[in-house]
There are 6 protein chains.
Amino acid sequence: MARPDDRAPDQLRPVRIQRGWLDHAEGSVLIEFGRTRVLCAASVQDSVPRWRRDSGLGWVTAEYAMLPRATNTRNDREAVKGRVGGRTHEISRLIGRSVRGCLDLRKLGENTVQLDCDVLQADGGTRTAAITGAYIALADAVSWMRGRGLVKQDPFTTSVSAISVGVVDGEPRLDLCYLEDAAAGTDMNVVCTGDGRFIEVQGTAEGAPFDRAELDALLDLAAGGCADLARLQAEALAS
Amino acid sequence: MARPDDRAPDQLRPVRIQRGWLDHAEGSVLIEFGRTRVLCAASVQDSVPRWRRDSGLGWVTAEYAMLPRATNTRNDREAVKGRVGGRTHEISRLIGRSVRGCLDLRKLGENTVQLDCDVLQADGGTRTAAITGAYIALADAVSWMRGRGLVKQDPFTTSVSAISVGVVDGEPRLDLCYLEDAAAGTDMNVVCTGDGRFIEVQGTAEGAPFDRAELDALLDLAAGGCADLARLQAEALAS
Amino acid sequence: MARPDDRAPDQLRPVRIQRGWLDHAEGSVLIEFGRTRVLCAASVQDSVPRWRRDSGLGWVTAEYAMLPRATNTRNDREAVKGRVGGRTHEISRLIGRSVRGCLDLRKLGENTVQLDCDVLQADGGTRTAAITGAYIALADAVSWMRGRGLVKQDPFTTSVSAISVGVVDGEPRLDLCYLEDAAAGTDMNVVCTGDGRFIEVQGTAEGAPFDRAELDALLDLAAGGCADLARLQAEALAS
Amino acid sequence: MARPDDRAPDQLRPVRIQRGWLDHAEGSVLIEFGRTRVLCAASVQDSVPRWRRDSGLGWVTAEYAMLPRATNTRNDREAVKGRVGGRTHEISRLIGRSVRGCLDLRKLGENTVQLDCDVLQADGGTRTAAITGAYIALADAVSWMRGRGLVKQDPFTTSVSAISVGVVDGEPRLDLCYLEDAAAGTDMNVVCTGDGRFIEVQGTAEGAPFDRAELDALLDLAAGGCADLARLQAEALAS
Amino acid sequence: MARPDDRAPDQLRPVRIQRGWLDHAEGSVLIEFGRTRVLCAASVQDSVPRWRRDSGLGWVTAEYAMLPRATNTRNDREAVKGRVGGRTHEISRLIGRSVRGCLDLRKLGENTVQLDCDVLQADGGTRTAAITGAYIALADAVSWMRGRGLVKQDPFTTSVSAISVGVVDGEPRLDLCYLEDAAAGTDMNVVCTGDGRFIEVQGTAEGAPFDRAELDALLDLAAGGCADLARLQAEALAS
Amino acid sequence: MARPDDRAPDQLRPVRIQRGWLDHAEGSVLIEFGRTRVLCAASVQDSVPRWRRDSGLGWVTAEYAMLPRATNTRNDREAVKGRVGGRTHEISRLIGRSVRGCLDLRKLGENTVQLDCDVLQADGGTRTAAITGAYIALADAVSWMRGRGLVKQDPFTTSVSAISVGVVDGEPRLDLCYLEDAAAGTDMNVVCTGDGRFIEVQGTAEGAPFDRAELDALLDLAAGGCADLARLQAEALAS
């Protein structure tokens, strides 16, 4: 069965990266994976949370959220419900861990970067777009900090990007859109560094359990997709 | 003293209206008043809240919110704080009242339109941009409903737009940006119909109380600004 | 159509002011506008909130609330619902802004007055009675502070009172009771200083939008009502 | 040591009972035990909570609360804190159990009476004044219900009142004011029926544990105080 | 009518006390009253809450909770409901007061012991088992503190235990199981010291009010049961 | 470097499984992985949540929580904090997905099983012990349902167990205790079926990113550990 947008199984959706989309934030990007559209903003603070003071280490943290009408049918706001949902928490923590995985926090000094990833429109892969965009917003915020002397050395050890993979109609596919994601038997999100190692692997059998061969095929596909994204990130940051 | 962007006292900031900015929503618009940027989405439901059932009347309601880094320094998310703040509540209610003021709710039938106004970037006048944009998103959603036969007759009795006015350096000015808003002695938000009547007048003395002459000057200025906005709304909806 | 209590259109309901209704509070008043009955208490603290320290300025803030059976049918407590509602927030903020509008906060020194306005019984105009009473409780608390040397100079630049006006059966009327308020096409709350200037004007079209002539008539009516209230406040404070 | 107001150890403070203090409630009373002042309102609903439907039984429940400046220093509102505190919950439940203890709920039919006991001023004994007043408000609400035919037979099996007792300076005393309450080694609240039996006994050693002789002396004192209150309640209801 | 487990009216259920059930806590006990099973853990902190600093006094506080399936049908978690219920609050406060009643807090020094009483299985008497077990966990934590020199002198003035009593089928009975508790006309929880005095007496008429003779009979029964528990506590601590 | 308890790298900690630990629950188990001790209770309801009605499918869901003193230092209760934390949410969702992965929900019929996994003591691997125990509690609850005719056919397609693996001191190790978990560079939780396939793979680089070879070694180790657990589960259910 062909993919809804006729992509090859190992092909990313069109990726669009607009840096500096916001005027106030120290780093910001509007990133699109097809129709998925995430606004990532990086906010710099020249201090760290109380529990990290006098450690000499910086801190990077993230919050993920979705506008109520990002999706096909409207979702109630978490602020109105009075609490952050489990899925939101889970993704926020994942983004934070992922971006911290490409940094030497000693070189960041006792500064904090808060990353806000707000999904303006969702069509599958919002968390992977968020991680991929967050890295760019963070890179811009770090440049800003270096320009002001807050950070003296390049704290990045590598770059970070993320992609979803899944088995749909028995075929391993890269970068699932919402329709594919809903139909996938196995669904995996993979976060890779620019040099091809793994920061996070999260695979879930939505339907039948998966065997080692399927797992291996998905990991191969994801590694390739992340390598493509790393190249696009580098191009965007070079422009 | 000149205005920060050299506008005439009765001049609006550049207004930019992009209809259909979202793929899923029944109506949507990205509206900009200068650097203030608000995403308005209209979601249609073919039912009304319980308290309104069997009334023959439709319902339109609104929620306003701001992304954490819409502003110059980051604000904590209301979802994380676990409650919607007073200011947010106040503005949400104002938007709802304003857009209901241009509708005959009987002609809407027992349908609900939920308007979400999310401030992506803030530079003063977010609530007035939200009202002005919400009207357009609503108009598009109503067209969608008419196309599907959910609504039989045009429910609009007029259009609605809103603008801020204030006294800065002793001079009454239209459409204050953030810097002017912070410096204003008196601050007023005015919501007008397309035929020049008032739906809401909210004037506050931030510093010294104001007299009737000042009040009259501000009302004149606001009425002119709303007339300009009504024209821009009509053009956007005609295109 | 006559008013429910046969008042003239520009006539206040009977106003009753009982100062010192509480034994513990530094200032307190039970104020009645007809059957509307609000208990206003002023609590003094010889410090200011953290964000205001070392500014040399005092602070005055207010909280409004309603007992569950103040109204015709019982309302659930906000404490039980676990959150303060939008309307409550809105009115609390209005009261705070209004009373701050008649003060020179430098002369208050770094002291805080917290005003609690609790509606014991409601029959329309609870927010305007609350503002009018809060001023008196504040005046008594300031006298108490001056008696203890906490405040050296009179911080009042004027007095403040508030009244509702509205168009009922096509007739502009002063000080609406609940029945009139529910029937009003346009509803406005106006806060004036003792010298006849405006601190706040909040007009809302509940039904049809209103034109400039109606707005002017309502403002005239409100200014007259506030002048009457200012006289009654002065009498109460003189006794 | 004499009592702060020179009362005999077994003497109540002056009790003042004003029935019908509110215009809207089906029953209401402002009750004073000395400077303690509690407004009790009874609200009638012609239905019962879901879990009690089709049982043929009525329901009576109570909520207790305190205005922020009822006490000597201001307390934050529970609505603002976002939750009802443990002490408030405990007293609300006590009031509910106490008033249900004098009723045959079958004779109430499937109706609910909600009792709101709001402490306007506190000087010790707020919960006992609340119970004593709640009975009167309930009696008036039941009369109202009988007048409308909602209730056919007298549901009261007896009356209910409550008083505090405690050991202060080694002396058992009745109806402690705040100063005595704070100094009491043992503190007990006793709820009695009009015919001298017990509905609730809650004794707490604040300092040293108490022995059986002290417990007996306090129970005697409380029984006498409740008998006095039962007489005052009967007089108030007869007038 | 015989008791469900054929006990004599003044007989406790089998009591089982397992000290040191947890590896991390400074004191812990799994206590069983028949099928009621409560895990009590004592956590030591070498400081006191802010409001108690520089008083020279220690602090002991308690939290009670129930696992969702401790009971016959599952109860929702309070964490999921987002608030601690009234009954939970009430019992937590009771446990704290009870254990403080057997201590000289000056001898504890400025240390805090936090007692957590978690009901793993409930069959009536959970609060009395919790108090009885909390005393043992506290005793072990105090030994731990004395071993480390945090506490120099024995702070215990006596021991503390608690038991429920009630009138079932007209018969006063000790240590009610759930079935008896649900059927009891009068229900009382009594907290005693090891030397036979009272720390807390809480009696409630669930059905008909009770007279002084019944009250006396229940107090006698409870005093006997607490004496038995005090002996069992001493044995457990001696082993 | 040797492991803290001298285990071989591919050796589980002692596993202890006590079925039927609770009297009320339809299935229950106290499971221990070394010092980690989790109480799993299964509660049966003969209906499904509203969103699943008339689907013919059953539902299984889980909630994970930790007692405050399960850990080395005390953690505040989530009920007291008023919200369920991100980590708790994440693990609850993981347990639910995992146990649903071994079931044919059609064969469960429109019944719900709620699994409560409460950590009584924590020493690493609480989520994997919870999943492994939850399966057993679920199996017992399903037997109970089959005994009552609620379920007609065996709904299990396989069994499910889970284990943690990680790289410590450069060595891939199975079933990390807390000390090893804190020191691990890479940490992975793997959920397997009884027939050796994967339901969930969650690997995180805590320190340096990991490469494909490390990932493969950890997956091998985990598959072996889960096979051991599947055998222990089968033995426990057979006894």
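I start with the record. The UniProt annotation "domain: Exoribonuclease phosphorolytic", from an unreviewed entry, covers residues 11-141 and 160-223 of chain A. UniProt positions are given here in the numbering used for this model, feature names are shortened, and annotations may be inferred rather than shown by experiment.

Some ground rules. This is a predicted model, where local features need pLDDT of at least 70 and side-chain atom pairs count only at pLDDT 80 or more, while totals for chains, interfaces and linings use all residues. Residues are numbered from 1 along each chain as its sequence is written, chains are lettered from A and ligands numbered from 1 in the order in which they are written, and side-chain values use heavy atoms, with hydrogens and water left out.

Back to the two annotated spans. Residues 11-141 of chain A are 30% helix and 31% strand, and the end C-alpha atoms lie 30 Å apart. Residues 160-223 of chain A are 28% helix and 45% strand, with 12 Å between the end C-alpha atoms. Helices (H or I, at least four residues) and strands (E, at least two) are DSSP runs, numbered from the N terminus.

Now chain B against chain A. Here 35 residues of chain B are in contact with 35 residues of chain A, contact being heavy atoms within 4.5 Å. The size of an interface is often given as the accessible area lost when the parts come together. Chain B and chain A bury about 3000 Å² between them, with 49% of that on carbon and sulfur atoms. Buried area is the accessible area (1.4 Å probe) that two parts lose on being put together, summed over both.

On the side of chain B that touches chain A, β3 (36-45), β4 (59-66), α1 (78-81) and β5 (112-121) each give two or more residues. β5(B) gives the most, six residues. By type, that side has 16 nonpolar, seven polar and twelve charged residues. Nonpolar means Ala, Val, Leu, Ile, Met, Phe, Trp, Tyr, Cys and Pro; charged means Asp, Glu, Lys and Arg; the others, Gly among them, are polar.

How are the two chains arranged? The same surface serves both copies, as 100% of the contact residues of chain B recur in chain A.

Next, chain C against chain B. In this pair, 28 residues of chain C are in contact with 27 residues of chain B. The buried area is about 2500 Å², and carbon and sulfur atoms give 52% of it. In chain C, Phe198(C), Pro209(C) and Arg212(C) lose the most area to chain B, together 24% of what that side buries.

The count here is six salt bridges. Arg212(C) also forms a salt bridge, with Asp220(B), at 2.8 Å from N to O. α2 (86-100), β9 (198-205) and α6 (212-238) of chain C each supply at least two residues to the side that touches chain B. The largest share of that side, eight residues, comes from β9(C).

Conventions. Salt bridge = Lys/Arg side-chain N within 4 Å of Asp/Glu carboxyl O.
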